[in-house]
Amino acid sequence: MKEYDVIAVGTGSVMAVVEAMIEANPQIKVAVIDKDEPGGICLTRGCIPSKILLYPAELVRTIRKARGFGLDVELRSVDFAKVMERMHALIHKDIDQIRKGLSSTENLDYFHVPAEFTAPYTMRVDGTEIKGSKILLGAGSEPIIPRIPGLADAGYLTSDTVLGIRKLPPRVAVIGGGYIAAEYGFFLAAMGATVTILGRNPQFLPEEEPEVSRIARTHLSEVMRIETNQEVVEVTRTGGSKRLRARDRATKKETVVLADEILVAAGRGPVRILHPERAGIKTDADGWIVTDEYLATSQPNVWALGDATGKFPFKHKANYDAQILYSNILGGEKRKVDYHAVPHAVFTDPEVASVGLKEAEAVKQFGAANVLIGFYRYQDTAKGEAMDLKDYFVKVLVERQGHAILGAHIVGPEASVLIQELINLMYTKDRSVDPVREGMHIHPALSEVVERACLSLMPPEHYHHTMEHALDIRSH
Ligand SMILES: Cc1cc2nc3c(=O)[nH]c(=O)nc-3n(C[C@H](O)[C@H](O)[C@H](O)COP(=O)(O)OP(=O)(O)OC[C@H]3O[C@@H](n4cnc5c(N)ncnc54)[C@H](O)[C@@H]3O)c2cc1C
């Protein structure tokens with residue numbers, strides 16, 4: 001049995017730790033295993049290809065809106081195959097480079113095959129067993145396929161396989177209402193497909209604040225049909241179509257959707273083939289690898305990072321974990337993970353971005369009397385007015401005493417960029433929002449909406465009154 005100093009599963013963020021270990025000691029023997037193309041999910045079938053595809057979708061939306069500004073433009077056609085080819089060309093440039101690096105590193109064996117644990121510190125790869133004194137698990141996650149009668153027979157795409165299509169399906173049903181469903185639904189709709197989202201949760205984008213979700217849903221409904229609280233109970237094939245029967249989970253009313261293609265985006269789960277339990281590595285009830293605050297698993301000298309731990313499945317968090325592991329494994333100061341401000345964004349039009357606590361969590365943790373909420377609409381800034389924006393807003397939650405930022409939620413253009421001002425302050429000692437209140441903001445830039453939200457702090461009750469009136473909604 002071949003023995004290694006280090007075995008790494010995955011070629012995403014874990015590679016930063018592997019590279020640092022090799023740099024610290026070029027003599028160590030390393031095995032790196034990835035069943036898929038190298039680079040990890042973010043590069044091969046996650047963040048990067050999806051955002052390459054979403055940019056032309058954004059351009060389509062911009063072109064469509066241009067008429068309202070007195071510009072006589074029209075979109076004559078979309079070359080869908082070209083949009084897909086551009087994405088493949090861009091990601092494969094990086095994938096090929098990573099493959100070359102892996103294949104040419106001295107003392108590193110690169111296995112492009114699935115791996116499974118057979119015993120502690122022992123894995124089966126390519127029909128043989130290998131052993132590692134240290135094991136790094138950066139195994140990521142995989143799409144969950146709900147057990148719906150007829151789905152497998154009818155056939156479906158996932159966020160992995162949708163990247164392989166070259167022809168736009170005219171009608172697409174998306175099973176799922178989270179951010180992957182929203183992003184791919186938006187992309188396919190912008191390319192010209194008729195898209196129906198069938199979300200199981202009562203709320204579209206269930207991870208977001210209800211009012212953020214509400215505004216995102218209203219605006220995204222201009223390009224696709226969004227149904228929530230829907231249980232897809234059966235899929236059948238009729239003629240050339242796929243027929244989805246969905247049931248409203250509250251009213252039991254049934255809806256039928258006909259589609260040419262189904263995209264399943266119903267959440268992600270742990271990689272099933274890994275079997276950490278055979279190696280004495282504890283997993284939780286859902287199968288995610290349990291780690292302590294140093295990212296160590298229950299088995300000595302085995303660590304896990306990124307999506308594989310089931311916490312905050314985002315690339316920037318996986319990269320952060322890699323930094324923590326690097327410190328903890330290579331000596332130096334032992335570092336604990338700190339996830340108080342892990343941000344995320346949804347790259348649709350409108351964009352959605354969020355960090356930290358939501359209002360209900362903040363009120364539960366600190367009490368309503370100790371929380372203040374800032375709120376401002378884009379349209380009430382000069383730039384927002386110039387852009388003819390409607391409904392979009394910034395919401396910021398702070399502690400009454402000392403103004404420490406507890407969370408922030410934005411829906412509107414550049415939300416993923418605007419929120420960074422608040423994220424950075426959440427990594428200062430006192431986390432105070434005051435620098436945003438005191439610092440000059442360029443006029444008339446979109447960043448003024450963040451500044452003004454932070455200048456308008458009010459108690460939660462007052463916030464609800466203001467927000468409901470401003471957005472013309474009832475949130476309760
Ligand atoms: C469609 C989509 C869009 C996304 N968009 C964003 C975004 O915009 N921003 C963001 O921050 N995050 C996004 N993510 C999430 C992001 O891709 C992940 O958080 C990130 O890739 C996690 O990195 P990781 O290092 O934990 O593992 P990964 O990069 O996921 O790598 C795991 C690798 O290990 C391999 N592997 C697993 N088990 C085995 C095994 N037993 N044997 C061999 N190989 C194995 C896998 O095949 C995979 O290649 C998106 C994900 C998806 C699916």
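So, helix 1, residues 14–24, and helix 8, residues 315–329: their axes come within 8 Å and cross at roughly 30 degrees. Helices here are DSSP runs of H or I, at least four residues, and strands are E runs of at least two, numbered from the N terminus. Axes are lines fitted to C-alpha atoms over the stretch in contact, with angles from 0 to 180 degrees between N-to-C directions. Helix 1 is therefore roughly parallel to helix 8, a label for angles under 35 degrees.

Before I go on, this is a predicted model: local features need pLDDT of at least 70, side-chain atom pairs count only at pLDDT 80 or more, and totals for chains, interfaces and linings use all residues. Numbering starts from 1 along each chain as its sequence is written.

Who meets whom? From helix 1, Val14, Ala16, Val17, Ala20 and Met21 meet Asn319, Ala322, Leu325, Tyr326 and Ile329 of helix 8. Contact means C-beta atoms, placed from the backbone, within 7 Å. By class, that's nine nonpolar, one polar and no charged; nonpolar is Ala, Val, Leu, Ile, Met, Phe, Trp, Tyr, Cys and Pro, charged is Asp, Glu, Lys and Arg, and the others, Gly among them, are polar.

Next, Pro343, in the loop between helix 8 and strand 17 (344–346). Buried or exposed? Pro343 counts as buried because it has 20 C-beta neighbours inside 10 Å, and the cut-off for buried is 20 or more others within 10 Å. Leaving aside neighbours within four places in sequence, Pro343 touches Ala353, Ser354, Val355, Ile419 and Ile423.

Conventions
Angles under 35 degrees count as roughly parallel, over 145 as roughly antiparallel, 65 to 115 as roughly perpendicular and the rest as oblique. Two residues are in contact if their C-beta atoms, placed from the backbone, lie within 7 Å. A residue is buried if 20 or more other C-beta atoms lie within 10 Å of its own, exposed if 12 or fewer, and partly exposed in between; C-beta atoms are placed from the backbone.
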